[in-house]
Amino acid sequence: MIQHLDVDGVPTLLAPTGGPMHAGLTFRVGTADETLGRAGITHLIEHLALAPLGLADYHVNGMTAPAFTMFHTQGSEADIAAFLTAVCGHLSDLPTARLDVEKEILRTEWSSRGTAAVDEIPLWRHGARDFGLSSYPEWGLGALTADDLREWTARWFTRENAVLWITGDRVPAGLRLPLPGGVRQPVPVASSALPQTPAYFVSGARAVVLDSVVRRSTAANIFAGVLERELYRSLRQDAGLSYTTTTGYEPRGDGYATLRALADSLSEKQDAVLGGFIDVLAKMRVGRIEQADLDATVAKREDVLGTAEVDAGRLPSYALNVLTGQPNISIDEHRAELKAVNLADLHEVAGEMTASALLMVPGGHTADWAGFVAAPTHSADTVDGTTYRARQGAGGIRVGTDGVTSLRAEGPLTVRYDDCSAMLAWPDGARQLIGADAIVLHIEPTMLQLPPGTIQAIDAQVPADRHVTMPARTPDQIPQPKPVARQAEPAGRSWWEIPVMVLSGLGTLLMGGFCLLLTIGMFAADSEPDDTWFWGIIAVGWLLTVILALPIVLLKRRRR
């Protein structure tokens, strides 16, 4: 029931609907095609294409995802024709007069964006590149020029790199798509920052999240539904540990799909939720999968395929398949594939999921006891070069001809210049180098014993298109060495101290010498018991000697 047409050289898909007309223009470009130093360029172009439309009386929207960008609308035929024609016109001739305004809007959008439990996962799996860039702010916005945007648009927003889809029985009259010519762009190759899987990392979130990469298939899609049922039954229904237990299956456009699972928890129940979550994964891995769960998941999918709007509903994903060169199948073929999925197929998917798993665990927990290895948090090597020590404490940095290493007790952090995804630069001289593997190295000149010109030498080695200028920091935001506690200087001597010490010293010597002679004499004379009174005099003499020495001791203690 899906028709394939052509509008101004753009592949066009039509599917019947009983409701209002929807339309979407999807381009094969997204955040995964950018670099960290220029992150945000696609999103900025999306905003510029929509900005001149102002406040429309019908629904319009734009979306920038890792592998695609889409402009969507709902309304009358005339509204849809006007919207899509205007968007394509703006893409061909960007309204760059609004460039600074839209940059500020995007910065505001990012600052007000809430955090989700899965936000960190892309950078841990992929690093600071391609599919990992969705974890990072749009740091490239500040340096982008009108020429940068025109060049990006000419490459990616072309008729050969687009697909139009419309829910309706005809193309709206008057619709024009004045896009430049180009070529269909492939999905970027997904990188990996994980030396080994299954792996885990520690997050501040309270949820437990599994991220995995599996081959795209109907069985994998069904497996996501079966896993969700098992998590719900084990962690919510039976144990009462989680409120939200959910899974997701999302094709990536390269023959693989991301399969994720999440379970939330209270702080005091994190141990139990993590243990129960891993138990469910282990159960699936060994093939303990319920036929009833498979049947229920298949039945739910078949119900969706039986609705009157099924073709209209799958147009967005159908268009993405056309853009990425992935196969599209008919509803009947889809039903046949659903019925063919068996427990052995799900067991095979469970093995793929486990082999590629990246587990996010709450703070203070690990997963090595369950066979997961810790994802790297430091570098395996260091650069050769000159070491500059920290002004206080241990550590420092080593600057070489090919990169920089931060020397830490926990392990080194190394970013090589040719592998640097971005370098954040503050006016006060601070630098933050982010490696393609997501290693972050921060340089604070105030905390290091750096000779003049060191920061400038590092700047010269990092490619210019990876420099990101950051706003100035206030003085209290710039770290400073802690002041060293200095010993108080002794107070000056009073005029009477020296005479007192001299007299005390002489008195002590005379009295002590006298008492010593008397004591020796008494022992030499082999004194009798009736000489007790004489020993008393000697004792009194020694006591006076101590008293005479006391001023010297007290004055010495006062000088410390």
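Is Asp8 buried, partly exposed or exposed?

1. **Before you start.** This is a predicted model, in which local features need pLDDT of at least 70, side-chain atom pairs count only at pLDDT 80 or more, and totals for chains, interfaces and linings use all residues. Residues are numbered from 1 along each chain as its sequence is written, and side-chain values use heavy atoms, with hydrogens and water left out.

2. **Asp8.** To answer the opening question, Asp8 is partly exposed, because its relative accessible area is 37%. On this scale, buried means under 20% relative accessible area, exposed means over 50%, and partly exposed is in between, with a 1.4 Å probe and protein chains only. You will find Asp8 in the loop between β1 (3-7) and β2 (10-15). Helices (H or I, at least four residues) and strands (E, at least two) are DSSP runs, numbered from the N terminus. The phi of Asp8 is near 50°, a positive value in a residue other than glycine.

3. **Other backbone angles to look at.** Most residues other than glycine have a negative phi, and most peptide bonds are trans. Ala438, in the loop between β18 (431-435) and β19 (440-443), has a positive phi near 75°. Ala438 counts as buried because its relative accessibility is 17%. Then look at Thr197 and Pro198, which are joined by a cis peptide bond with omega about 0°. Pro198 sits in the loop between β6 and β7 (199-203).

4. **Asn161.** This residue belongs to the loop between α5 (146-156) and β6 (162-167). Asn161 is buried, because its relative accessible area is 0%. Its side chain reaches the backbone nitrogen of Gln185 at 2.9 Å. That is a polar contact, a pair of N or O atoms within 3.5 Å; within protein, one must be able to donate a hydrogen and the other to accept it, and residues adjacent in sequence count only if both atoms are side-chain atoms. Leaving aside neighbours within four places in sequence, Asn161 is in contact (heavy atoms within 4.5 Å) with several residues, including Phe27, Trp156, Val183 and Leu323.

5. **Helix α10.** In α10 (residues 315-324), the buried residues are Leu315, Tyr318, Ala319, Asn321 and Leu323. They pack against β1, β2, β3 (21-27), β6 and α9 (310-313). After α10 comes Gly325, with a positive phi near 75°.

6. **Helix α7.** What span should you expect for α7? Its 16 residues should span 22 Å at 1.5 Å a residue, and its end C-alpha atoms are 22 Å apart, which agrees. The expected span is 1.5 Å times one less than the number of residues. Among the buried residues of α7 are Val273, Leu274, Phe277, Ile278 and Leu281. The cover over the buried residues of α7 includes β8, α6, β10, α12 and β11 (358-362). Gln270 also lies in α7, and Gln270 is buried because its relative accessible area is 9%. Not counting residues up to four places away in sequence, Gln270 touches Arg206, Ser265, Pro362, Gly363 and His365.

7. **Helix α12.** The 13 residues of α12 (343-355) reach 19 Å from first C-alpha to last, close to the expected 18 Å. At the N-terminal end, Asn342 caps α12, with a side-chain oxygen 3.1 Å from the backbone nitrogen of Ala344. Leu346, Val349, Ala350, Glu352, Met353 and Thr354 are the buried residues of α12. These pack against β8 (208-215), α6 (218-238), β10 (256-263), α7 (270-285) and α8 (291-305).

8. **Leu510.** Finally, find Leu510 in helix α14 (residues 497-524). Leu510 counts as exposed, because its relative accessibility is 66%. Leu510 and Leu141 are 369 residues apart in sequence and 89 Å apart in space, C-alpha to C-alpha.
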